[in-house]
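Visitor: I'd like a quick walk through this one, and I'll keep asking how you know things.
Guide: Fine by me, here it is.

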Amino acid sequence: ANFNDTAWKMSGFRNRQEFERNYGKSRGCSMVHPDDLPMLLKKVREAAETGAYTILECRMARAGGTYFPTEIRLHYRTDPAGGDTLQGVFMDISDRREQEVQKYGKLLLTIFDEVFLLDYQADRCRILKGVEPYASSGETVDGLDEMNRSWITRYVQEEDREKTAEFLTADSLRRACACQTIPWVDYRIIL
């Protein structure tokens, strides 16, 4: 694997050497979130077999152990003189994802008066409140485990607390997303 300077800058490293110690040369795939790696490898195989230009999205590691959403454009070229090349162009699509979150948050606010945006990577929750077009960003709460426990204890009926707590774990949501299903849970609230 060979990476240009944009790779280490985009990933939040201070210099090329720091980046290569973590992800360079033989460890290029370790930059990809483990849950996204099978999909990436499948797309690489498809590109190699067909020579087709392929686009996919996955999460890439950032310095400090967090991940950011990335669009990858792959092109596999066979050189008649020998040496096949897989070229990948990586684009940080964090802004695009944030716009989608805002768009869907506003859509949900046409139905609900409060929307919780859980960010397990940053261990925080953004709460959107209000009814469009008067919705506000609301507050940001750090510490999802504590926030979820408190919310469940306060609002969810006792018989439904265990399944609701299990649903709100990062592992539960990660498994659902890996299966490409929409996660959901039914629970009763305390009036």
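Guide: Let's start with helix α5 (residues 144–155), which lies across β4, β5 and β6 and runs at about 145 degrees to β4. This is a predicted model, where local features need pLDDT of at least 70, side-chain atom pairs count only at pLDDT 80 or more, and totals for chains, interfaces and linings use all residues. Residues are numbered from 1 along each chain as its sequence is written, and side-chain values use heavy atoms, with hydrogens and water left out.

Visitor: What makes a stretch a helix or a strand, and how many of each does the chain have?
Guide: Both are DSSP runs numbered from the N terminus: helices are H or I with at least four residues, strands are E with at least two. On that basis the chain has 7 helices and 6 strands.

Visitor: How do you know what angle α4 makes with β5?
Guide: Axes are lines fitted to C-alpha atoms, for helices over the stretch in contact (heavy atoms within 4.5 Å). Angles run from 0 to 180 degrees between N-to-C directions. For α4, which lies across β4 and β5, that gives about 45 degrees to β5.

Visitor: What makes β4 and β5 partners?
Guide: Two strands pair if DSSP finds at least two bridges between them. Here 6 bridges join β4 to β5, and the two run antiparallel, so they count as a pair. Asp119 stands opposite Arg124 in β5.

Visitor: And β5 with β6, how many bridges there?
Guide: β5 (residues 124–129) and β6 pair over 3 bridges, again in the antiparallel sense. Arg126 has Thr140 in β6 as its bridge partner.

Visitor: Why are β4 and β6 called edge strands?
Guide: The 3 strands form an open sheet in the order β4-β5-β6, with antiparallel pairing. β4 and β6 (140–142) each have a single partner strand, so one side of each is left without a neighbour in the sheet. The twist averages 20 degrees from one strand to the next.

Visitor: Why is Ile111 called exposed?
Guide: Exposed means over 50% relative accessible area, buried under 20%, partly exposed in between (1.4 Å probe, protein chains only). Ile111 is at 60%, so it counts as exposed. You'll find Ile111 in the loop between α4 (94–108) and β4 (114–119).

Visitor: How much of the chain is buried?
Guide: Of its 191 residues, 25% count as buried.
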